[in-house]
Amino acid sequence: MTTTSAQPGDDAYEIDTDPDRIDLDAVHHWLSTDAFWALGRSRDLVERALRGSLNFGVYDRQGTQVAYARVITDHATFAWLCDVYVDPAHRGRGLGIRLATAVRDHLAPYELNRTLLATLDAHELYAKVGFAPVPDPTMLMMLGPAT
């Protein structure tokens, strides 16, 4: 999947799911040094996660990756959107919404029962593309790392 989108007055950005285009070094740097949920994440862990996921890269006109999102899915019933990151130099241009929209639209043909994400501070952004709070969060449980 490759989509090119531009809005009046902004530069064109391309969103692509080709895993061979992902700049692993950039993604590792962003996540391990600036993303509060992934600080200190090893390059090996980022690479293993990338290999097991559906990846979305956003690229500027020069082909430089400027944003990233990762989806864990069985392509049948469930997906988890995670590791959404926009390079600080490209923030404020609507790329987060465009990236979340591309994810939503890419997953739509699968008619998944549920696509989840967790966010600390971007509820309004995700609401713009259709995400809503979990109706009954008491139904959700998690298995965390062993202590």
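Predicted model: local features only at pLDDT ≥ 70, side-chain atom pairs only at ≥ 80, totals over all residues.
Leaving aside its neighbours within four places in sequence, which residues is Q65 in contact with? The points below come to that after an outline of the chain.

1. The protein chain has four helices and six strands. Read along the sequence, these elements follow the pattern β-β-α-α-β-β-β-α-β-α. The radius of gyration is 15 Å, close to the 15 Å that the globule rule gives for 147 residues, so the chain is as compact as a globular protein of that length.

2. Extent and surface. Taken along the principal axes, the C-alpha atoms fill a box of roughly 45 × 30 × 25 Å. The accessible surface of the chain comes to about 9000 Å², and 55% of this belongs to carbon and sulfur atoms.

3. Burial and contacts. Of the 147 residues in the protein chain, 38% are buried. Among contacts between residues at least 6 apart in sequence, 56% join residues at least 24 apart.

4. Charges. The chain carries 13 positive and 20 negative charges.

5. Helix α1. This helix covers residues 24-34, and its buried residues are L24, A26, V27, H28, W30, L31 and S32.

6. Residue D16. D16 lies in strand β2, which spans residues 13-16. Is D16 buried or exposed? Its relative accessible area is 5%, so D16 is buried, the cut-off for that class being under 20%. The side chain of D16 makes a polar contact with the side chain of R21, at 2.9 Å.

7. Residue Q65 and its contacts. Q65 is found in strand β4. With a relative accessibility of 6%, Q65 counts as buried because that value is under 20%. To return to the opening question, once neighbours within four places in sequence are left aside, Q65 is in contact with R21, I22, D23, V27, W30, G57, V58 and Y59. Two of the residues in that list, V27 and W30, are also among the buried residues of helix α1. Another, R21, is the polar partner of D16 described in the previous point.

8. What does the side chain of Q65 reach at 2.7 Å? The answer is the backbone nitrogen of D23. The side chain of Q65 also reaches the backbone oxygen of A67, at 3.1 Å.

9. Q65 and E124. These two residues are 59 residues apart in sequence. In space, Q65 and E124 are 25 Å apart, C-alpha to C-alpha.

Definitions and conventions:
Residues numbered from 1 in each chain as written. Heavy atoms only, no water. Helix = DSSP H or I, 4+ residues; strand = E, 2+ residues; numbered from the N terminus. Rg over C-alpha atoms; globule rule 2.2 N^0.38 Å. Buried < 20%, exposed > 50% of the residue type's maximum accessible area, 1.4 Å probe, protein only. Contact = heavy atoms within 4.5 Å. Areas by Shrake-Rupley, 256 points an atom, 1.4 Å probe, with all protein chains shown as cover. Lys, Arg positive; Asp, Glu negative; His and termini not counted. Charge placed at Lys NZ, Arg CZ, Asp CG, Glu CD. Polar contact = N/O pair within 3.5 Å; in protein donor to acceptor, adjacent residues only side chain to side chain.
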